[in-house]
Amino acid sequence: MSIVIKNLTHIYNEEMPFSSKALDDINFEIKKGDFVGIIGHTGSGKSTLIQHLNGILNPTSGSIIINDFDITKKEVNLVDIRKRVGVVFQYPEYQLFEETIEKDISFGPINLNLSEEEVHLRVKESMNAVGLDYEKFKDKSPFDLSGGQKRRVAIAGVISMNPEVLILDEPTAGLDPGGRNEIFELIKTLHKEKNMTIILSSHSMDDMAKLVNTLIVMNKGRVEFIGTPREIFNNHGKRLEEIGLDIPQVLELKHKLKERGIDIGDVLTIKEAKDKILEIMKGNR
């Protein structure tokens with residue numbers, strides 16, 4: 001399932017005194033099976049962009065083509081699109097509402113008019129996929145869980161619809177470091193084992209550097225950069241800082257070492273930096 005964005009523009013309150021252009025002539029393509037990160041400071045257009053990808057928002061102009069269907073056209077059935085493109089918004093646990101975890105996760109499949117047997121199967125599979133044992137958790141209230149577990153239930157509710165594309169908008173917001181790591185590991189597993197196309201919005205540059213294959217940098221409603229994390233973080237670090245974004249901590253370390261005459265080369269993760277430093281130390285003995 002490819003997603004092609006062409007000349008996408010969105011203006012809030014168009015033709016009103018307080019109109020605001022949130023997206024300005026956006027163009028890019030996401031290929032099936034890719035793991036894409038979207039970064040940008042507050043107000044850059046990240047969330048507005050995400051809400052266009054399954055028809056929650058309609059563009060002011062431009063097109064969004066999913067598997068050769070322009071979802072901005074009136075004749076397109078957005079219900080079908082939303083079955084295939086699932087979105088997990090910030091703080092998704094606020095959307096939990098049923099008395100048990102099983103009932104909450106089954107809400108979507110039931111509304112697809114699936115058989116009772118198929119609904120049960122999807123709930124069980126999606127709970128296992130997010131690391132929640134079905135027999136242990138199915139009858140528990142979602143409100144009795146930890147923050148990270150609630151987030152898992154919310155994600156399970158989306159993947160129980162069997163989407164081909166999973167979009168996550170700041171999925172670790174408000175979680176402690178342990179909960180954040182758990183959710184990112186879960187997302188990695190879903191991408192690898194289910195071959196889902198993942199689109200992830202996050203403020204964590206270090207996690208983006210480790211997780212995604214393609215990085216889209218948003219700034220003032222436009223695409224500032226698009227490429228691999230290694231390309232963008234290594235070649236455009238100064239510009240990222242100018243537009244209010246941090247760079248991965250390992251690159252800050254790299255720059256400080258270089259000021260002291262130690263060049264550790266093209267590194268992106270802590271492990272790469274560690275290995276390079278040990279190699280340099282070994283060679284200086």
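This is a predicted model: local features need pLDDT of at least 70, side-chain atom pairs count only at pLDDT 80 or more; totals for chains, interfaces and linings use all residues.
Phe 137 is found in helix H5, which covers residues 134-137. Is Phe 137 buried or exposed? Phe 137 has a relative accessible area of 8%, and buried means under 20%, so this residue counts as buried. There is also a distance to mention. Phe 137 and Thr 100 are 37 residues apart along the chain, and their C-alpha atoms are separated by 8.6 Å.

Now the sheet. In general, strands of a sheet pair through backbone hydrogen bonds, and the pairing is either parallel or antiparallel. In this model there is an open sheet of six strands with mixed pairing, and the order is S6-S7-S8-S3-S9-S10. Which strands are at the edges? They are strand S6, residues 85-88, and strand S10, residues 222-227, and each of them pairs on one side only. On average, neighbouring strands of this sheet are turned by 15 degrees against each other, direction ignored.

Look at the S6 end. S6 and strand S7, residues 165-169, run parallel and are joined by four bridges. Val 88 has Leu 168 in S7 as its bridge partner.

Next, the helices on this sheet. Helix H6 lies across S6 and S7, and H6 runs at about 165 degrees to S6. Helix H7, residues 177-194, lies across strand S3 (35-39), S7 and strand S8 (197-201), at about 155 degrees to S8.

Ser 201 has its place in strand S8. Ser 201 counts as buried because its relative accessibility is 0%. Leaving aside neighbours within four places in sequence, the contacts of Ser 201 are Ile 38, Lys 46, Ile 50, Leu 168, Asp 169, Glu 170, Pro 171 and Met 208.

Last, the nonpolar cores. How many residues does the largest nonpolar core have? It has 52, and Ile 155, Leu 166 and Leu 200 have the most contacts inside it. Helix H6, residues 147-159, gives the most to this core, with six residues. Apart from this core lies another, of 26 residues, including Val 36, Ile 64, Ile 71 and Val 85.

Not counting residues up to four places away in sequence, Leu 166 touches Gly 86, Val 88, Val 158, Ile 159, Leu 190, Met 196, Thr 197, Ile 198 and Ile 199. That is the end of my part.

Definitions and conventions. Residues are numbered from 1 along each chain as its sequence is written. Side-chain values use heavy atoms; hydrogens and water are left out. A nonpolar core is a set of buried Ala, Val, Leu, Ile, Met, Phe, Trp, Tyr and Cys residues joined through side-chain atoms within 4.5 Å. Buried means under 20% relative accessible area, exposed over 50%, partly exposed in between (1.4 Å probe, protein chains only). Helices (H or I, at least four residues) and strands (E, at least two) are DSSP runs, numbered from the N terminus. Contact means heavy atoms within 4.5 Å. Two strands pair if DSSP finds at least two bridges between them. Axes are lines fitted to C-alpha atoms, for helices over the stretch in contact, and angles run from 0 to 180 degrees between N-to-C directions.
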